Amino acid sequence: MMLSFTLLPHRLVLFVAILLLLTLPGLRAAMVINEIHYSPSDKTRPTEFIELLNFSDSPVNLSGWRLTDAVQFTFPSNTLVPAQQTVVIAGTPSSFLTNFGFAPLGPWVGRLRRSGANIQLRDTTGLVVDEVDYRPGFPWPTAARGEGASIELIQPTLDNSLGGSWRSSGYSQGIVSSNSYLALQDPSWRFRKGTNEASIPTNAWRFLSFVEDGSWQTAQAPIGFGDNDDKTDLSKPPWNVPTPMQNNYISLYLRRPFVVPDGPLPTRLRLRVVIEDGCVVWINGREVGRLNMRDKLEKPFDAGLTGRPLGAVAHKAVSGGRPVIQELLVPTRSADLATGTNLIAIHAFNSSLNGLGVSIDCAILGEVADPTPGSPNATQVANAPPQIRQVDHIPLQPAASNSVTITARVTDPDRVGSVMLEYQAVDPGRYIRKSDAAYLTNWISLPMNDEGVSPDLTRGDGLYTAVIPAGVQTHRRLVRYRVVAADLLGASVRVPYPDDPQPNFAYFVYDGVPGWEGAFKPGDAGVQGRVQRFPSDLMRSLPVYHLIANEQDVNRSQYDSGFDGVPMPGALVYDGRVHDHITFHNRGEFSTYVSGKNKWRLHFNNTHELQARDNRGRPYDETWDDI
């Protein structure tokens, strides 16, 4: 870059100098937009805020400065931000104070939208000092939309207009910070058989203060029977004395104290529950979740028997012979959590008195994933990894034997060291769930290049390219992929980020809808004139939806009433686009399981909602999170 100079009045020289500092590549103003909380998980608690950071070595006077565009706010007189310190502006200061414990500036006029918004910081002259146009979903973080997190700048000198400069709060290096309070297969659970109520009053056993009677025993989880994989097997000695669980009692009561060390409390608990068939969970006497239960009613020890309210639905999600872990996210305040000893209590149910099996185990993690206003960003790193964005594949929906070109724009101030493509082929009839062991292992790596060597078009333009060979593309195969990049100093990143509920990109190989024919009545197929035939060009003029899932999950959802309402994992392909790792379940009980109608309800992931079209092919104004 070449600069030429002329003699100018000193005020104009100063203005030009400031303008150059704000516009030259790699140079940033001292004040930056550092954290944005735009979509709280609790819609009744408006805690949205914007945090600014002065990362210079001198104080900055914000008096008369303004926030503009999505929100409007003018900083009051004497707003001085010390060096390396922050200032927080909230939309509703009273709610912010209640939630975070200190008073911010505010309120502002306007709103931070869940769908994205532009925020500008202007000085007293109206000059834009910093600007962020955030969006939910890749290349921006995902968990910040409605899951309780904020987006945090991982390094103040980065270009904060790029999504890769931000992470969801609590995700250090992309992984949420956590501490284990209770592990699976713990040997110190206290439990009793559900032959009568565990306590009088019936909720007393759920509190730490409860004094157990002689019916409680110590045992190792998982506790249950039916699969020969329970550490405490209630069908075998000594646990089947005087009677085994099957045909004798339908529920189990479990208690386990756990300790939260001194120091800051976690912002939420992640409960990893292995359950067959259903359960209700309390922490410190407060109900925090239910899994595979039919309703929200209070459950007696014999729920489902002798006219009592029904207990659990028959449910056993199994992967590779092992039960699948289901998760509950519990805000700290919902669990009345405190440092020191706390208590988890679980009431586990079989689906019926003669049900074929029951099993229960639970791990507890404490996670820090909430916003950090007024404190250093938990996601901050000394060396930021490469920025990855504009990830795409061509063609959008390939046919069999097409090669597929994958591109990604990758940049880094320390120079990009390597970029790799990882892909996973999922064959028809062999859907791989995200929870399956095969999802973690069955990936093939290919280098991506920016050398101007085929398939890359232009050397050094930051657009890296690789080709998935034509032989990989077979009719009705789902192909997942992701991109991994590292800089020359060793910092690396893989996209999509770990907070994304769809942690891979994907495409679906499809040769098109074939022709179709059918008779009006069974037995008429061989009768002339009784068969209707529809050519492939007519069939291909209609919108096509593919639901891809494990055969057992589909059969249970649509043909086994024991799985009424139980979410199953799968993928939906519509308009050539893949919505991977969605969930589905039956819609309606009588019509599905008695009348035989296949009726589905599909739930799409956060930031991966369905862009549906009307009968004329026009996209609807709003995306759909379920259908």
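Let's start at one end of a helix: Asn550 caps the N-terminal end of H5, where a side-chain oxygen sits 2.9 Å from the backbone nitrogen of Gln552. Helices here (H or I, at least four residues) and strands (E, at least two) are DSSP runs, numbered from the N terminus. Within H5, the residues Asp553, Arg556, Ser557 and Gln558 are buried; buried means under 20% relative accessible area, exposed over 50%, and partly exposed in between, with a 1.4 Å probe and protein chains only.

Four strands make an open sheet in the order E38-E39-E40-E41, with antiparallel pairing; two strands pair if DSSP finds at least two bridges between them. Strand E38 (545-549) and strand E41 (600-603) are at the edges, each with a single partner strand, so one side of each has no neighbour in the sheet. Neighbouring strands of this sheet are turned by 40° against each other on average, direction ignored. Helix H5 (residues 551-559) packs on the sheet and touches E38, E39, strand E40 (577-586) and E41, while its direction makes about 40° with that of E40. Contact means heavy atoms within 4.5 Å; axes are lines fitted to C-alpha atoms, for helices over the stretch in contact, and angles run from 0 to 180 degrees between N-to-C directions. E38 is joined by five bridges to strand E39 (residues 568-574), and the two run antiparallel. Ala549 stands opposite Gly570 in E39.

## What kind of model this is

This is a predicted model, in which local features need pLDDT of at least 70 and side-chain atom pairs count only at pLDDT 80 or more, while totals for chains, interfaces and linings use all residues. Residues are numbered from 1 along each chain as its sequence is written, and side-chain values use heavy atoms, with hydrogens and water left out.

The mean pLDDT of the protein chain is 88, and 90% of its residues reach 70 or more; pLDDT is the predictor's confidence in each residue, from 0 to 100. Over residues 1-27 the pLDDT is below 50, and this stretch has eleven contacts in the model beyond near neighbours in sequence. Residues 318-322 also have a pLDDT below 50, with nine contacts beyond near neighbours in sequence.

## The chain as a whole

The protein chain has six helices and 41 strands. Of its 627 residues, 48% are buried. Among contacts between residues at least 6 apart in sequence, 67% join residues at least 24 apart.

A second sheet to look at is open and has six strands, in the order E16-E15-E19-E26-E21-E22, with antiparallel pairing. Strand E16 (217-219) and strand E22 (286-291) are its edges; each has a single partner strand, so one side of each is left without a neighbour in the sheet. From one strand to the next, the twist averages 25°. Ten bridges pair strand E19 (residues 251-260) with strand E26 (residues 340-349) in the antiparallel sense, and Arg256 stands opposite Ile344 in E26.

Not counting residues up to four places away in sequence, Ile344 touches residues including Leu182, Trp189, Leu254, Phe258, Trp282 and Ile364.

## Loops worth a look

Thr379 lies in the loop between strand E27 (358-368) and strand E28 (387-394). Thr379 is buried, with a relative accessible area of 1%, and its side chain makes a polar contact with the side chain of Glu152 (3.0 Å). A polar contact is a pair of N or O atoms within 3.5 Å; within protein, one must be able to donate a hydrogen and the other to accept it, and residues adjacent in sequence count only if both atoms are side-chain atoms.

Most residues other than glycine have a negative phi, and most peptide bonds are trans. Asn284, in the loop between strand E21 (278-283) and E22, has a positive phi near 55° and is buried at 15% relative accessibility. Asp336, in the loop between strand E25 (326-331) and E26, has a positive phi of about 55° and is partly exposed, with a relative accessible area of 44%. The peptide bond from Phe138 to Pro139 is cis, with omega near 10°, and another cis bond joins Ser454 and Pro455, with omega about 15°.
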